[in-house]
Amino acid sequence: VDRRERLLNLLAALLDTTAGLTVEEILSEASLGYGGTGESARKAFERDKASLRAMGVPLEQMDHERDYRYRVDPKSYYLPDLGLTNDESAALHLAVTAISLGGGEGEGALMKLGGREGERAQPVAALPIAPALAPVFEASRRRTPVRFGYRGERRHVEPWGLSSKRGRWYVVGFDRDREQMRVFRADRIEGDVDLDDGDTFSVPDGFRPEAELAEQAWELTGTEPRAVRVAVDATHATDFVTRAGRSATVEWRDDGSAVVSLPVTNVDGLRAFVLEYLEHAEVLDPPEVRADIIGWLEAVAAAGPEPRPGRR
Amino acid sequence: MSPRPQAEEELTRVLALVPWIIAHPGSTKAEIANRFGISVRQLELDLVLVMMVGVPPYSPGDYIDVDPDADPVEIRLADYFTRPLRLSPAEGLALLAAGRGLLAVPGSDPTGPLATALDKLQAALSGADVAVDVGHPEFLDDVRSAAQEGRRLEIEYFSATEGQLTTRAIDPGPPFFAVGHWYTDAYCHLRRESRMFRLDRIRAVRDTGERFEPSEDQDPARRDVYRPNPDDERVTLVLPPEAAWVAETTPVESIRELPGGGLEVTLPVGSTTWLARLLLQIGAGGRVAEPAERRGLAAGAARRVLDRYAGGARHRAGA
């Protein structure tokens, strides 16, 4: 029997039963085509179960004597009718084609909602989604805390919301160990995301994840804010000031150079920004931030091969 | 987001198209195939598969009734597969993210059909939502309308690699957002070639009064922010685990995972200034593996910046 045919028939039979089917009943049903209850038939059934689960079928497993019974509850299997108008379906089609997320899930969702309505759009934006984001989204939807690796540590987080800014996705949530709101970059979540099934949390009314996101990399969660002054050459000053945005205060010099003061909570973010300007920007103070940049650069200089004589 | 095995992929499609056909009797094969993005031949194969599906006790009336040769198509007597399978978390997220993303693009109708569709979707996902911000550079609307109408623009543009402000005429392409910024893929009359311009680096825009023929090209591949030039040097970097972001924010051509969680990536490099900047951001944990003559680039750039810090201290003492 064609495996796809067997899987469809298995799924139909599991949807059709209320009491559930035992493994014996499934394997000995000739129309399902497992060909008996031997070892190879059991293995085939295990593979089919895994395939159904991978497709997202909510397969229920219940104890039955020394074995299990299985069923699929139509109420949790079937997608409720969203009642979309043709215009709304066409708008979702435009969105899925205009916004590239780096996977086929959007197209898959459109198929379930009745296929493609209307025209494709020209690509407008790329907002690639990290693999960790889907389980975190599900946890956020179900109000279930999650555990994941982040910067080499295991974190225990209530995911209050997801937000995308500057092309990156962030998880905004309450860190249970640190007892504080934290912002996590989704693409830096390490390994699998585990859901704390059975545990729940609540989110304050009117919570907006985007409000927790910093405008700039140096405003991300970190230390208490401190003013960092950066001197920028005339050639790069306008660009630096434009990108630094509203929270920067600027002192222009007569030669066109500038000293820009930034409210910094995250030195990693500041360092990455300032280093983009190479020798055209210099952190003046406070001393510990200046020392951080110098230390970082000295480490890079020391890690490189010896400079050739006379070149420096 | 890895591709699913083919059997699962095909079944997912069949489980989506059967309920649509049941709900839309009298639809033609061509219409259904187009809607689900498959050939008419594939649709017929799918219908043959569906015809074999029944439930216990598998008497003739327990099978899905469909004639794969009939056009328009009709499916009768199915009490199951009447609705599609619920959305997976990844599918629900993708739909919301794409929808919120397009709504965030300046100029989208905040109360139109996309907004109402997302409200319905959000309700079905028990209220879950995502927030998307793609920013709004000052000259986005000017560049977008010029691209649509084929109007040549004169722009003042700051080139970060060259460190200078230049004035040039461009024929802009439709703006798009990638790796955190808005870009236009434009023909540059100063350099006489297509160039990528970052809209937040445009300082001023003026209409030249001249026209050009807007490109009909809709190939998403052309929307890459960085199109490697065949003359670009290929550079191989070894990255520590904390610098894995390089693989997501730069146009890497190959990625290899190293024992211990690091990565080895190869990327096209058009400008050594750009590479030096990237290497300084990566820090001492990364290094250039190939070509050998670039192995000293990061250290050299770091020393030049350190020279400035050494001299800068003198400067301030005198100020």
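This is a predicted model: local features need pLDDT of at least 70, side-chain atom pairs count only at pLDDT 80 or more; totals for chains, interfaces and linings use all residues.

As for burial, 51% of the 312 residues of chain A count as buried.

Now the overall dimensions. The C-alpha trace of chain A spans about 90 × 50 × 45 Å along its principal axes. What radius of gyration does chain A have, and what would a compact globule of 312 residues have? Chain A has 28 Å, whereas the globule would come out near 20 Å. On contacts: taking those in chain A with a separation of 6 or more, 60% are between residues 24 or more positions apart.

The secondary structure of chain A amounts to 10 helices and 14 strands.

The one I'll start with is an open sheet of three strands in chain A, in the order β1-β3-β2, with antiparallel pairing. Which strands stand at its edges? They are β1, residues 21-22, and β2, residues 59-64, of chain A; each has a single partner strand, so one side of each has no neighbour in the sheet. Between β1(A) and β3(A), which covers residues 67-72, the pairing is antiparallel and rests on two bridges. In that region T22(A) sits opposite R69(A) of β3(A).

Two helices go with this sheet. Helix α1 of chain A, residues 3-16, lies across β1, β2 and β3 of chain A and runs at about 90° to β3(A). Helix α3 of chain A, residues 39-54, also packs on the sheet; α3 touches β2 and β3 of chain A, and its direction makes about 140° with that of β2(A).

Next, the other sheet. This one is open as well, with four strands of chain A in the order β12-β13-β11-β14 and antiparallel pairing. Its edges are β12, residues 249-252, and β14, residues 281-285, of chain A; because each has a single partner strand, one side of each is left without a neighbour in the sheet. From one strand to the next, the twist averages 25°.

How many bridges join β11(A) to β14(A)? There are four, and the two strands, β11 being residues 226-232 of chain A, run antiparallel. V232(A) stands opposite A281(A) in β14(A). Helix α10 of chain A, residues 287-303, packs on this sheet, where α10 touches β11 and β14 of chain A, at about 145° to the direction of β14(A).

That's what I have; questions are welcome.

Definitions and conventions: Residues are numbered from 1 along each chain as its sequence is written. Chains are lettered from A and ligands numbered from 1 in the order in which they are written. Side-chain values use heavy atoms; hydrogens and water are left out. Two strands pair if DSSP finds at least two bridges between them. Contact means heavy atoms within 4.5 Å. Axes are lines fitted to C-alpha atoms, for helices over the stretch in contact, and angles run from 0 to 180 degrees between N-to-C directions. The radius of gyration is taken over C-alpha atoms; the globule rule is 2.2 Å times the number of residues to the power 0.38. Buried means under 20% relative accessible area, exposed over 50%, partly exposed in between (1.4 Å probe, protein chains only).
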